[in-house]
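Subject: Handover of a structure and findings

Dear colleague,

Please find below the structure that I am passing on to you. My notes on what was found in it follow directly after.

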2 protein chains.
Amino acid sequence: MEPLTEKQQQILEFIVECLRENHPPSQREIAGHFKLAQNAVYQLVSYLKKKGYLVDAGGHRGLRLSEAYVEELAETEGMPLLGRVAAGEPILAEENVESYVTLEALFNRSKDTFLLKVSGDSMVDEGILDGDYVVVKSAARVGSGQIGVVLLDDEATVKRVVVQKHRIALKPANRKAGYKTRYIKRFDKDVRIVGKVIGCIRTDIR
Amino acid sequence: MEPLTEKQQQILEFIVECLRENHPPSQREIAGHFKLAQNAVYQLVSYLKKKGYLVDAGGHRGLRLSEAYVEELAETEGMPLLGRVAAGEPILAEENVESYVTLEALFNRSKDTFLLKVSGDSMVDEGILDGDYVVVKSAARVGSGQIGVVLLDDEATVKRVVVQKHRIALKPANRKAGYKTRYIKRFDKDVRIVGKVIGCIRTDIR
DNA sequence: TGACAACATGGTCAAACAACCATATTTTAG
DNA sequence: CTAAAATATGGTTGTTTGACCATGTTGTCA
């Protein structure tokens, strides 16, 4: 995008800040903030429109960011997702960046998705470690062989669920602890399948 | 919060929607959308203020959401994080929900944080699987023993980095493949430490 | 030196606007 | 049944606002 002068940049940043807080500023408000005449702002805003940073929705307080500029901002906001990393280039060089993603976008979440903090090592061999958060999608049943969250003896456990003829097998994944599969009757009152594990997040790796 | 009538709810939702798109609606715009007189809106908005959903910043298009309501919205927006799950309760019952977190908040990210898609199984024993995204914080050096991203032979690799006297050891974590540590000279031109792995995200668990 | 872009002031004006009044109908709760 | 709350209309008023005009200054570039 066409470069901005310092003043224009300042004004634009102020506008973005205001929009972030959901109140598009009036020209007079901007003028007040920078101790300018309303008209100085009118002009500067005109420049910003001409350069394609702002769009006018019409009406009072009608300033909007242009799509192009919103996109440019997104690159600062979302996390850059790196594809193949080329040697020599600075790591965050454009050719390395595949896209910019918000973490929200990684999981296309619906209303009934939630996080559950995992305690225990029973699923380590599946890459679900103690302290991880599993992303769970609420569901009354889980496909056989999938990893699910089961409410069992007042405790939510994450296990691989295998549906058999008359029972359900809850298979841990911990080589060291041995694979002590637990079997429960189907339709047991004290057991409830809570959901299906669709993701896993680990923070604070040291 | 005090419950809303259907009409009030409708109006509020419309306002929220407008605010999301960064243009607080004027009363007339709302009125137009619902085919009402400006004054009907004035009254309904008054109720919403009285009930604590809206706040008035004064001036034209001065409507804002109250903090209380923003908080309530956050519960719909962020993912609920479940603590100890009580049996009997519906899984998303209030007593189960510890807090509502946006995924953004899980990593307190700075500008130089990015995602890198992992290919390969060399870190499976650390719970970093093929296809996972690692959250990387840019850094020229990595503490000994930490997991880092190293640019090596035109390829970004995730390995445990152990700094020794005259060399750096890159230790994979894959029992099956054997732990074939790779040693590189310190200050080797062809090697660059790119950053430190601070998190790991797995999507699409089947 | 002269042209031009950027930046600035003060002033005017019509449209958009929130606030408020009087009033009427419908819905809800006791 | 009745009173209060909620929902609605139309009209008035004073303020806020964007747009625009005339004009002046400063810095840059040819």
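Asn22(A) is situated in the loop between α1 and α2 (27–34) of chain A. Helices here are DSSP runs of H or I with at least four residues, strands are runs of E with at least two, and both are numbered from the N terminus. Although Asn22(A) is not a glycine, its phi is positive, at about 65 degrees, and the residue comes just after α1(A). Asn22(A) counts as partly exposed because its relative accessible area is 22%; the scale calls a residue buried under 20%, exposed over 50% and partly exposed in between, with a 1.4 Å probe and protein chains only.

Before going further, please note the conventions. Residues are numbered from 1 along each chain as its sequence is written, and chains are lettered from A and ligands numbered from 1 in the order in which they are written. The model is predicted, so local features need pLDDT of at least 70 and side-chain atom pairs count only at pLDDT 80 or more, whereas totals for chains, interfaces and linings use all residues; side-chain values use heavy atoms, with hydrogens and water left out.

Chain A as a whole

Chain A contains five helices and 11 strands. Of its 206 residues, 43% are buried. Its accessible surface is about 11300 Å², and carbon and sulfur atoms hold 48% of that area; the areas come from the Shrake-Rupley method with a 1.4 Å probe, and for residues only the protein chains shown count as cover. Among the contacts in chain A with a separation of 6 or more, 48% join residues 24 or more positions apart, where a contact means heavy atoms within 4.5 Å.

Helix α1 in both chains

In chain A, helix α1 covers residues 6–20, and its end C-alpha atoms lie 21 Å apart; this agrees with expectation, because 15 residues at 1.5 Å a residue should span 21 Å. The expected span is 1.5 Å times one less than the number of residues. The buried residues of α1(A) are Gln8(A), Ile11(A), Leu12(A), Phe14(A), Ile15(A), Val16(A), Cys18(A) and Leu19(A). As background to such a list, an α-helix has 3.6 residues a turn, so residues three or four places apart point the same way.

In chain B, helix α1 (residues 6–20) also has 15 residues and reaches 21 Å from its first C-alpha to its last, close to the 21 Å expected. Its buried residues are Gln8(B), Ile11(B), Leu12(B), Phe14(B), Ile15(B), Val16(B), Cys18(B) and Leu19(B). After α1(B) comes Asn22(B), with a positive phi near 70 degrees.

Individual positions

Lys35(B) and Ala37(B) belong to the loop between α2 and α3 of chain B. Lys35(B) is not a glycine, yet its phi is positive, near 55 degrees; with 74% relative accessibility, Lys35(B) is exposed. Ala37(B) is partly exposed, at 48%, and its C-alpha lies 9.1 Å from that of Gln27(B), 10 residues away in sequence.

In chain A, Lys50(A) belongs to helix α3 (residues 38–50) and is exposed, at 68% relative accessibility. Its C-alpha is 9.7 Å from that of Glu2(A), although 48 residues separate the two along the chain. Leu115(A), in strand β5 (residues 113–117) of chain A, is buried, at 0% relative accessibility. The C-alpha atoms of Leu115(A) and Val134(A), 19 residues apart in sequence, are 5.6 Å apart.

The second largest pocket

What volume does the second largest pocket have? The value is about 510 Å³. A pocket is an open set of points on a 1 Å grid over the protein atoms alone, where a 1.4 Å probe fits, with protein on both sides within 12 Å along at least five of seven lines; lining residues have an atom within 4 Å of a point. Points are joined across faces, edges and corners, and the volume is the space filled by probe spheres set on them.

There are 18 lining residues, and those closest to the centre are Val124(A), Asp125(A), Val124(B), Asp125(B) and Arg175(B). The lining divides into six nonpolar, four polar and eight charged residues; Ala, Val, Leu, Ile, Met, Phe, Trp, Tyr, Cys and Pro count as nonpolar, Asp, Glu, Lys and Arg as charged, and the others, Gly among them, as polar.

Asp125(B) is also one of the residues touched by Tyr179(B); leaving out residues up to four places away in sequence, the others are Pro172(B), Ala173(B) and Asn174(B). Tyr179(B) is in the loop between β9 (167–171) and β10 (182–185) of chain B and is exposed, at 52% relative accessibility. Tyr179(B) and Ser122(B), 57 residues apart in sequence, are 8.9 Å apart from C-alpha to C-alpha.

With kind regards
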